[in-house]
Amino acid sequence: MESNTPCIWWVRRDLRLGDNAALSAAAESGPVIALFIRDVQMDGLGAAPKWRLGEGLRELQRALEARGSRLILRRGAALDVLREVIAETGAHAVHWNRLYDPVSRERDGDIKSALRSDGITAQSHGGHLLHEPWTVETGSGGFYKVYTPFWKAVRGRDPGTPLPVPRLAPPRGWPRGEILDDWALGAAMRRGAEVVARHCKPGEAAAAARLSEFIEARLVSYGDGRDMVAQNATSGLSEYLALGEVSPRQVWAAGMAAREKANRGAEAFLRQIVWRDFAHHLMFHTPHILIANWREGWDGFPWVEDAEHPHFQAWKQGRTGVDFVDAAMREMYVTGHMHNRARMIVASYLTKHLLVHWKQGQAWFEECLTDWDPANNAMGWQWVAGSGPDAAPYFRIFNPEMQAEKFDPEGQYRRRWLAEGQAQPTETALSFFEAIPESWNLAPGDMRPTPLIELKAGRERALAAYDRSR
């Protein structure tokens, strides 16, 4: 029942007004104060995801203001800030949508207990996933370690109908807030922020438009085209899902509607939505996946862990001498995104041909990806490296040249991102040199480097290392 006493919607990775269980619950009980807290955990984000979060917050501010509401920004320890705002406004409840990484779970549990002991209603809600991790169990009551059985267990489940945007009543008075520009969330991006911004359309409205356009125009060819790196065949929804500018339930509903219309790409797309749930399912049940080898027996593998190793530095800079790998690394630096097929190629090359630890690649992706997500990032890296759940066998070592022939047969993707050696480089290839730190000392007229290691020799070295470590 609605009252005149305000309720706090604690905004986290749910930058949307539609299908937002926490916001809807807050709106049902009284005037809503939307509060985003800049805490230590948020400050630990990499450069690109922190910048992208700032752009998402800006769009959420606009959406709230269009409905006569506001987004209040505060910084500090989350519990301290929540208590301060409660004291300032007389708020009687706090609602938020759950996150599933171990740090968030511990923080949120402590906050829920503390607020309830203060006599404040503190309630968490689902919405970041289709299905809560503890609700999907094997026949013996355990958690799933392999994707296909997980998919079969949930593909027939109804996650429910997406919630409408609620009516937002303002409180009698607003608490003080900080100014988003003063936070300078893009500072670590330096000159790269302007370049990445050309490829980014943040916000809930942009997410809805992207989903609609994908379903109507490109879903039909998704199954066949999603691995072709030069084509715009994927959904492009990952950054919106990472920040909650669209809910997985909204995406699922659109995919299911398309499947009912016999769209031949729908089934493959729905499987990818559930793959995201699977990554979070594993992070929830085995949180060590974020920081350590998931599989036993991998701690003795002789990966290079030196972040200053010249091979790792060359990989980061798109200077390995392998065109497909270098093109993909540059795509990420320019756009904040990388095609999923390309992610597998660069991860395999780093962990197997160069024998660099997957943790190093995981950390660089966390620094550079606007769609960074802790579960997806860790799952992806360990899957390719061979140390993770449902992993590709270690002997499955992607050959970048053969992958290029198959998934970029005309070389369009490589020309799009590699300037060196081209008489008339593309604008996207040249923009890489606008974005990178000047200290890298790279220029479009440079010669392409020779490969760090011959591909066959790299494969043989990796297999030999694997055999010795078993």
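1. His353 is buried, with a relative accessible area of 2%. Buried here means under 20% relative accessible area, exposed means over 50%, and partly exposed is in between (1.4 Å probe, protein chains only). The residue belongs to helix H16 (residues 340–353). Helices (H or I, at least four residues) and strands (E, at least two) are DSSP runs, numbered from the N terminus. Leaving aside neighbours within four places in sequence, His353 is in contact with Ser348, Ile397, Phe398, Pro400, Ile453, Leu455, Gly458, Arg459 and Arg461. Contact means heavy atoms within 4.5 Å.

2. A word on the basis. This is a predicted model, in which local features need pLDDT of at least 70 and side-chain atom pairs count only at pLDDT 80 or more, while totals for chains, interfaces and linings use all residues. Residues are numbered from 1 along each chain as its sequence is written, and side-chain values use heavy atoms, with hydrogens and water left out.

3. Next, the sheet. Five strands form an open sheet in the order S3-S2-S1-S4-S5, with parallel pairing. S3 and S5 are the edge strands, and each pairs on one side only. From one strand to the next, the twist averages 25 degrees. Two strands pair if DSSP finds at least two bridges between them. Strand S1 (residues 7–11) and S4 pair in the parallel sense over three bridges. Cys7 has Ala93 in S4 as its bridge partner.

4. How many salt bridges does the structure hold? There are 27 salt bridges. The term means a side-chain nitrogen of Lys or Arg within 4 Å of a carboxyl oxygen of Asp or Glu. One of them joins the side chains of Glu88 and Arg74 (2.8 Å, N to O). Glu88 lies in helix H4 (residues 78–89) and Arg74 in strand S3 (residues 71–75), so the pair ties together parts that are 14 residues apart in sequence. Glu88 is partly exposed, at a relative accessible area of 41%. Arg74 is buried, at 1% relative accessibility.

5. Glu178 is partly exposed, with a relative accessible area of 26%. Arg75 is partly exposed too, at 42% relative accessibility.

6. Now a pair between two loops. The side chains of Arg98 and Glu132 meet in a salt bridge (2.2 Å, N to O). Arg98 lies in the loop between strand S4 (93–97) and helix H5 (102–117), and Glu132 in the loop between strand S5 (121–125) and H6, so the pair ties together parts that are 34 residues apart in sequence. Arg98 is partly exposed at 22% relative accessible area, whereas Glu132 is buried at 14%. Elsewhere, salt bridges that share partners join Arg12, Asp39, Arg107 and Asp108 into one network.

7. Aromatic pairs come next; the structure holds 26 of them. Rings of Phe, Tyr and Trp (its six-membered ring) pair if their centres lie within 6.5 Å; planes under 30 degrees apart count as stacked, over 60 as edge-to-face and the rest as tilted. The rings of Tyr144 and Phe150 have centres 5.9 Å apart and planes at 85 degrees, so this pair is edge-to-face. Tyr144 and Phe150 are both buried. The rings of Trp298 and Phe301 have centres 5.6 Å apart and planes at 45 degrees, so this pair is tilted. Trp298 and Phe301 are both buried. Tyr144, Tyr147, Phe150, Trp275 and Phe278 form one aromatic cluster.

8. Last, charges over rings. Arg12 lies over the face of Trp10, at 4.4 Å from the ring centre. Lys316 lies over the face of Trp364, at 4.4 Å from the ring centre. The criterion is NZ of Lys or CZ of Arg within 6 Å of the ring centre and within 35 degrees of the ring normal.

Technical notes
Axes are lines fitted to C-alpha atoms, for helices over the stretch in contact, and angles run from 0 to 180 degrees between N-to-C directions.
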